[in-house]
There are 2 protein chains.
Amino acid sequence: MMDKIIALDVGGSSVKCALFSKTGTIEDRWGVPTNKGAQNSTLFEDIAKSIKLRNIDLDKIKGIGIGVPGPVVGDTVYGAVNLGLDKTDVKKALEEALGKTVPIYVENDANCAAYGEFFTLDNASSLALLTLGTGIGGGIILNQAIYRGINGSAGEIGHMNTGDEDALTCNCGLSGCLETYASATGIKRHFLRARNQGIKTKLNQSEINAKMIFDAAKAGDSLALKIIDKAAYHLAKGIANMNVILDLDVVLVGGGLSLSGAFFTEKIKTYFQDLAFTPLKGLEIKTANLGNDAGIYGAYQVVKHA
Amino acid sequence: MMDKIIALDVGGSSVKCALFSKTGTIEDRWGVPTNKGAQNSTLFEDIAKSIKLRNIDLDKIKGIGIGVPGPVVGDTVYGAVNLGLDKTDVKKALEEALGKTVPIYVENDANCAAYGEFFTLDNASSLALLTLGTGIGGGIILNQAIYRGINGSAGEIGHMNTGDEDALTCNCGLSGCLETYASATGIKRHFLRARNQGIKTKLNQSEINAKMIFDAAKAGDSLALKIIDKAAYHLAKGIANMNVILDLDVVLVGGGLSLSGAFFTEKIKTYFQDLAFTPLKGLEIKTANLGNDAGIYGAYQVVKHA
């Protein structure tokens, strides 16, 4: 069993777990329901129990990589709101739960996902992964390494201000953040505001979601199309603004919204060409490759390249 | 003479040159007028001649660091508009002019300046230097190293879009770039546009410059104050947007406009607190330390840490 790697991706509802072989294939995968809560959580015990149940010889693994949804500095996550978790030394907590000293590598989940995607690409040394879901997450790879930032908060592109006169207030308290335009929530809010203002649309259901707005846009509904165009425009502006700072090889678009495929990505690319600084128009923008598995692949790579 | 370092900072009108001692003090400094032009420039010959004139034993120096105003990848600058210089292998050109193989390290001038400033700070591992002059330049230090980007164009924060409804067109062809608001040129353009629209000001001369607008603002002129406030607001927005990507220790404000000191920096800091993502409000913003010498100090450090 020497050199196998355990990869964990802690999400709000479940922990994705995988055992990787020496050659980087997934030998076994399982899930653990996420037990939320601050000090009384059994999160790490639940993970440890699931590993022990599988009879994995911990003396013979290369290590455990774990992605957590919060800012990470060293082995500590500085709070994970979606888990109800306060500041926690993740390495120590997992070691205690395992009752054993094991090489454990702790990383932010968005950074893990970006790192996982990085190894699917040829000839790229730097990239950003934008994950478009309820919010917008970001992970950055520079010179082939994860870039964390001083507080573990690098890559928070969802809170870049791309706002204009129709800006909405963000969960974070600011106004005009990218994710108020281009996350699933943001797209829905802008659509509903316009519909409530009396702008005509065929999408008249009271309960709607971003996918329905995408589908209506593809079917030619003019309001839906306008809102999706606005989301693509703001993403392109955010990417152009990020890229004058970072001068990257490639930006990958992942998360639920990227599943609408070329329809959305092509719009982003078109606006990007209008908005990009001329020497940097060569940036490649494309759909991410690993879908929901980016996190566990990244956690595996973190251990492999530690 | 062992271990001395020659530092060169190539500017549009002159090349700043310095000989650094082993301990990092400047033993000698001189200037060379910048001979501009594409293929027929004597720029490198002029620099080489000035070095030879000083009887510096090139066999006994640690190296030559040279900062050039254009994107650098490897030893090559991919064009330097202000010098009228096409794509040039700077190391090769300077070696040929010296008639000698010497360790030569080529770097972008803004990166050099940022690296020079970096060594004036305690306990910082990452920073951005914003140079506010005719345009806005930027250099970035991440994890204690210069960050160049794929095309040598990282840190071009002057071309971040922070624009709103009063955006002006930039030299680069885009609209709403940060430098159209907050460079010396941008401040003057916004002031003149407002004055031409009939907004009252005591600054009525036909020939004005950014310094006069700063002075008028300090003296309480309401239009001048409005324009300087606008510049500070857009700088704060640009810094906040950069920092959600990079999560830095510190941002330094340098260049001619920073000479107005606390008056301007305090405005930037105040707007930054309004615009920053809450977990990143701790970013330090302050005036740069080395003024016009940042470039040669940085070129020295590039050789020292090569």
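How far is the sulfur of Cys112(A) from the closest cysteine sulfur, and in which residue does that sulfur lie? The closest one belongs to Cys17(A), 13 Å away, which is too far for a bond. Please keep in mind as you read on that this is a predicted model.

**The cysteines**

**Two helix pairs**

Next, have a look at how helices pack in each chain. Two packed helices are described by the angle between their axes and the distance between the axes.

| Helix pair | Axis distance | Angle |
|---|---|---|
| H6(A), residues 210-218, and H7(A), residues 222-246 | within 7 Å | roughly 115 degrees |
| H1(B), residues 43-53, and H2(B), residues 90-98 | 8 Å | about 50 degrees |

In chain A, the axes of H6(A) and H7(A) cross at roughly 115 degrees, which means that H6(A) is roughly perpendicular to H7(A). Their crossing is left-handed. On the H6(A) side you will find Ile213(A), Phe214(A), Ala216(A) and Ala217(A), and these meet Ala224(A), Leu225(A) and Ile228(A) of H7(A). By class, this contact has 7 nonpolar residues, with no polar and no charged ones.

In chain B, H1(B) and H2(B) pack at about 50 degrees, so H1(B) is oblique to H2(B). This crossing is right-handed. H1(B) contributes Phe44(B), Glu45(B), Ile47(B), Ala48(B), Ile51(B) and Lys52(B), while H2(B) brings in Val90(B), Ala93(B), Leu94(B), Ala97(B) and Leu98(B). The residues of the contact between H1(B) and H2(B) divide into 9 nonpolar and 2 charged, with no polar ones.

**An enclosed helix**

One more helix of chain A deserves a visit. Why is H9(A), residues 294-304, described as largely enclosed by the rest of the structure? The reason is that 9 of its 11 residues are buried. In H9(A), the buried positions are Ala294(A), Gly295(A), Ile296(A), Gly298(A), Ala299(A), Tyr300(A), Gln301(A), Val302(A) and Val303(A).

Definitions and conventions: Residues numbered from 1 in each chain as written. Chains lettered and ligands numbered in written order. Predicted model: local features only at pLDDT ≥ 70, side-chain atom pairs only at ≥ 80, totals over all residues. Heavy atoms only, no water. Axes fitted to C-alpha atoms, helices over the stretch in contact; angles between N-to-C directions. Helix = DSSP H or I, 4+ residues; strand = E, 2+ residues; numbered from the N terminus. Parallel < 35°, antiparallel > 145°, perpendicular 65-115°, else oblique. Left-handed = near helix turned anticlockwise from the far one by under 90°. Contact = heavy atoms within 4.5 Å. Nonpolar A, V, L, I, M, F, W, Y, C, P; charged D, E, K, R; others polar. Buried < 20%, exposed > 50% of the residue type's maximum accessible area, 1.4 Å probe, protein only. Disulfide = S-S within 2.5 Å.
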